[in-house]
Amino acid sequence: LGSSLRGTLDKLRGKSRLSEEDIEEIVKEIQRSLLSADVDVSLVMELSDNIKERALEEEPPAGTPARDFVLRIVYEELVDLIGDSTELPLEEQTILLAGLQGSGKTTSAAKMAWWFSTKGLRPAVIQTDTFRPGAYDQAEEMAERAEVEFYGDPDSEDPVEIAREGLEETSEVDVHIVDTAGRHALEDDLIDEIEQIEGVVEPDTSLLVLDAAIGQGAKEQAQQFDESIGIDGVVITKLDGTAKGGGALTAVDQTDSSIAFLGTGEEVQDIERFEPDGFISRLLGMGDLSQLAERVERAMEQTEMEEDDWDPEDMLQGQFTLNDMQKQMEAMNNMGPLDQVMDMIPGLGGGIKDQLPDDAMDVTQERMRTFSVIMDSMTDAEKEYPKAIGASQIQRIARGSGTSEEEVRELLQQYKMMERTIKQFQGMGSEKEMQRMMQ
Ligand code: GDP
Ligand code: MG
């Protein structure tokens with residue numbers, strides 16, 4: 001279905017004005033894509049009305065192809081509905097997870113804890129599920145895999161008491177993530193229980209965990225949980241499957257909240273902070289990188305991103321410093337691995353990437369974590385001019401960051417390799433040549 005949307009959009013390539021029929025056709029395709037992604041019917045109608053109205057009324061800015069103009073309207077309307085990711089400050093906080101059994105709460109609790117630990121915070125998972133057999137063991141094992149602290153009590157049958165004790169026992173950590181039991185359906189005792197837990201825990205943020213495959217059922221769940229504990233954000237799990245998670249839109253709309261995280265696999269590292277671009281292309285079934293590139297680029301122009309936001313194109317101009325590398329690593333969480341980011345830069349096609357050494361772009365999450373810690377112990381001057389870092393500085397940095405000199409050297413090596421790669425790109429030629437290659 002996504003491909004028919006793309007087909008329709010492709011037909012408009014080169015046109016600078018759209019007829020009413022063109023717009024009707026696009027809107028129909030968008031409706032089809034959204035409905036097949038499980039977006040609520042009334043939401044789809046509302047969205048498509050807005051898109052149609054704007055596409056007919058607004059004048060495309062001079063020089064903007066009609067196709068881009070419409071895509072931008074679609075994008076803006078969806079961003080408007082979905083919004084930015086749920087705000088989660090990198091500081092002390094308590095997060096409560098709610099949702100039905102099997103939605104992915106326990107997995108998400110460990111994933112989120114892992115995610116916070118990559119941000120330098122100390123998290124703990126508190127498991128209060130006394131209902132599901134094996135819940136304790138599963139949560140403990142996942143917390144172990146995430147290398148985060150864990151509290152639970154396999155002998156207790158009182159989830160509220162476990163929550164209370166869990167908070168006390170883990171009082172020294174920064175982020176408390178409280179996992180709860182679910183049921184197959186929204187039974188009263190589930191709602192009672194989570195209300196009581198909420199009362200004891202007093203979470204800063206309550207997240208509703210939803211399976212991406214949830215269709216129209218999202219509405220009732222969202223409403224119930226919002227009424228009982230108040231929902232501040234949504235976690236969508238199992239996005240690695242075929243489901244596109246459109247039901248989450250209903251939940252977001254229903255609870256007037258936003259999306260916090262996306263779960264994309266069974267491992268603790270398979271978590272992404274929500275970011276509208278990727279999610280929207282998935283919803284519309286236009287997830288390929290060249291399309292994504294266009295949209296990301298367009299979005300950048302459109303929203304005039306804040307100055308210090310990292311732009312992959314900056315990397316291709318001027319000096320590549322350790323600061324760039326650090327920003328790049330941070331951006332990876334949102335934009336995907338560097339080789340994919342490369343794909344998003346106009347003019348850097350797959351052909352060029354193939355010429356790179358295999359490991360040039362390979363920075364695993366774990367290494368990234370270590371690198372981040374190391375860089376925090378460097379001075380700005382060192383980060384701006386890494387070539388000047390000598391043996392004595394390496395010693396100091398290793399000691400300051402609690403890492404080994406070998407790890408610091410590894411970081412510098414990685415930096416060198418990336419710098420060389422970037423240089424290679426810079427040497428590729430003028431902007432004109434790049435433009436030519438884009439066509
Ligand atoms: P809970 O009952 O809400 O705690 O759900 P669980 O965390 O136990 O997850 C239920 C099942 O879904 C488990 O088999 C998980 O491995 C699986 N699961 C959770 N999140 C994801 C995900 O993002 N992708 C995939 N493929 N499986 C997931
Ligand atoms: Mg569970």
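How many bridges join strand E5 to E6, and do the two strands run parallel or antiparallel? Keep the question in mind while selecting residues 205–211, which form E5. This is a predicted model.

**Strands E5 and E6**

Five bridges join E5 to E6, and the strands run parallel. For one facing pair, pick valine 209 and valine 235: valine 209 stands opposite valine 235 in E6.

Now show the side chains of E6. Gly233, Val235 and Thr237 point one way, while Val234 and Ile236 point the other way. In a regular strand, side chains alternate between the two faces of the sheet.

The core draws at least three residues from each of domain 1 (2–82) and domain 2 (93–274). In soluble globular proteins, nonpolar side chains tend to be buried together.

Centre the view on isoleucine 177. Leaving aside neighbours within four places in sequence, isoleucine 177 is in contact with Ile95, Leu97, Ala109, Met112, Ala113, Pro123, Val125 and Ile126.

**Ligand 1**

Move to ligand 1. Of the 18 residues around ligand 1, Gly104, Lys105, Thr106, Thr107 and Gly263 come nearest. Helix H5, residues 105–118, gives the largest share of this shell, three residues. Colour the shell by residue type: one residue is nonpolar, 12 are polar and five are charged.

**Helix H11**

Select residues 276–283. Six of the eight residues of this helix, H11, are buried, so H11 is largely enclosed by the rest of the structure. The buried residues are Pro276, Phe279, Ile280, Ser281, Arg282 and Leu283. Just after H11, click on glycine 285, which takes a positive phi of about 70°.

**Isoleucine 374**

End in helix H16, residues 365–376, where isoleucine 374 has its place. What makes isoleucine 374 count as buried? Isoleucine 374 has 24 C-beta neighbours inside 10 Å, and therefore counts as buried. Not counting residues up to four places away in sequence, isoleucine 374 touches Ile397, Ser401, Thr403, Glu407, Val408 and Leu411. Finally, select serine 401: this residue and isoleucine 374 are 27 residues apart along the chain, yet their C-alpha atoms are separated by 5.3 Å.

Note on methods: Residues are numbered from 1 along each chain as its sequence is written. Chains are lettered from A and ligands numbered from 1 in the order in which they are written. This is a predicted model: local features need pLDDT of at least 70, side-chain atom pairs count only at pLDDT 80 or more; totals for chains, interfaces and linings use all residues. A residue is near a molecule or strand if its C-beta atom, placed from the backbone, lies within 6 Å of it. Helices (H or I, at least four residues) and strands (E, at least two) are DSSP runs, numbered from the N terminus. Ala, Val, Leu, Ile, Met, Phe, Trp, Tyr, Cys and Pro count as nonpolar, Asp, Glu, Lys and Arg as charged, and the others, Gly among them, as polar. Domain bounds come from an automatic or database domain assignment. Two residues are in contact if their C-beta atoms, placed from the backbone, lie within 7 Å. A residue is buried if 20 or more other C-beta atoms lie within 10 Å of its own, exposed if 12 or fewer, and partly exposed in between; C-beta atoms are placed from the backbone. Two strands pair if DSSP finds at least two bridges between them.
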